[in-house]
Amino acid sequence: MANEDQKDFNAMLADNKDMPKFQTITDEKSIEKYGGNRMYFAPPVDYDRVMRRVPCGKLLTVGAIRDYFAKINGADFTEPVTAGIFVSIAAWASFQRADDKTPYWRTLKANGELNAKYPGGVEAQKEMLEKEGHTIIQKGRKNIRYYVKDYESVLFALE
């Protein structure tokens, strides 16, 4: 995202954008990739609510949130692009609040990767996660990315 200091992320978080909603997709490649044609769209505030549930020491992935929403709403999958955007909105909304924080730094991208789109980028997320006892590893030489070591062992179960 750009111009974060000029945006009201809490207003964005509260805007449900006519969601939740379902869409039936017809593209065969997408149906094969996602395992069905019934796609769910969750509103931004739902991502925030789920991210708030993750206790200190535990982690969550955006993919796990998407799987959870699909499961509880009877969909084949949750739309991936809005998921990434809405997780970032939840993070920035929390950052803009003086209190009532969402522990967004505990929500990772696929494979335990840190999210550069969070406030302060990967450095801030890395610092928060290390304070909670997680080990961060660097991968790559040119396209450097950061991951939580053995993140699978501390995943929070959404039920």
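Colleague: Which residue of β2 stands opposite Lys21?

Modeller: This is a predicted model, in which local features need pLDDT of at least 70 and side-chain atom pairs count only at pLDDT 80 or more, while totals for chains, interfaces and linings use all residues. Residues are numbered from 1 along each chain as its sequence is written, and side-chain values use heavy atoms, with hydrogens and water left out. Strand β1 (residues 21-24) and strand β2 (residues 38-41) run antiparallel and are joined by 4 bridges, and among the facing residues Thr24 has Arg38 as its bridge partner. Opposite Lys21, the residue in β2 is Phe41.

Colleague: In what order do the strands of the open sheet lie?

Modeller: Strands here are DSSP runs of E with at least two residues, helices are runs of H or I with at least four, both numbered from the N terminus, and two strands pair if DSSP finds at least two bridges between them. Besides its antiparallel pairing with β1, β2 is joined by 2 bridges to strand β4 (residues 77-78), with which it runs parallel, and Met39 has Phe77 as its bridge partner there. β1 and β4 stand at the edges with a single partner strand each, so one side of each has no neighbour in the sheet. The pairing of the 3 strands is mixed, and their order is β1-β2-β4.

Colleague: At what angle do helix α3 and helix α5 pack?

Modeller: Contact means heavy atoms within 4.5 Å, and by that rule Pro44, Tyr47, Asp48 and Met51 in α3 meet Ala83, Phe86, Val87 and Ala90 in α5. Axes are lines fitted to C-alpha atoms, for helices over the stretch in contact, and angles run from 0 to 180 degrees between N-to-C directions. For helix α3 (residues 44-52) and helix α5 (residues 80-96), the axes are 8 Å apart and the angle is about 65°.

Colleague: Which residue forms an edge-to-face pair with Tyr47 at 5.0 Å centre to centre?

Modeller: Rings of Phe, Tyr and Trp (its six-membered ring) pair if their centres lie within 6.5 Å, and planes under 30 degrees apart count as stacked, over 60 as edge-to-face and the rest as tilted; the count comes to 10 aromatic pairs. The pair in question has 90° between its planes, and because Tyr47 lies in helix α3 and its partner in helix α4 (residues 62-73), it ties together parts that are 22 residues apart in sequence. Tyr47 is buried (under 20% relative accessible area, where over 50% is exposed and in between is partly exposed, with a 1.4 Å probe and protein chains only), at 0%. The partner, buried at 4%, is Phe69.

Colleague: Is Leu129 buried or exposed?

Modeller: Leu129 lies in helix α6 (residues 121-131). Not counting residues up to four places away in sequence, Leu129 touches several others, among them Leu59, Trp105, Ile136 and Val148. Its relative accessible area is 0%, so Leu129 counts as buried.
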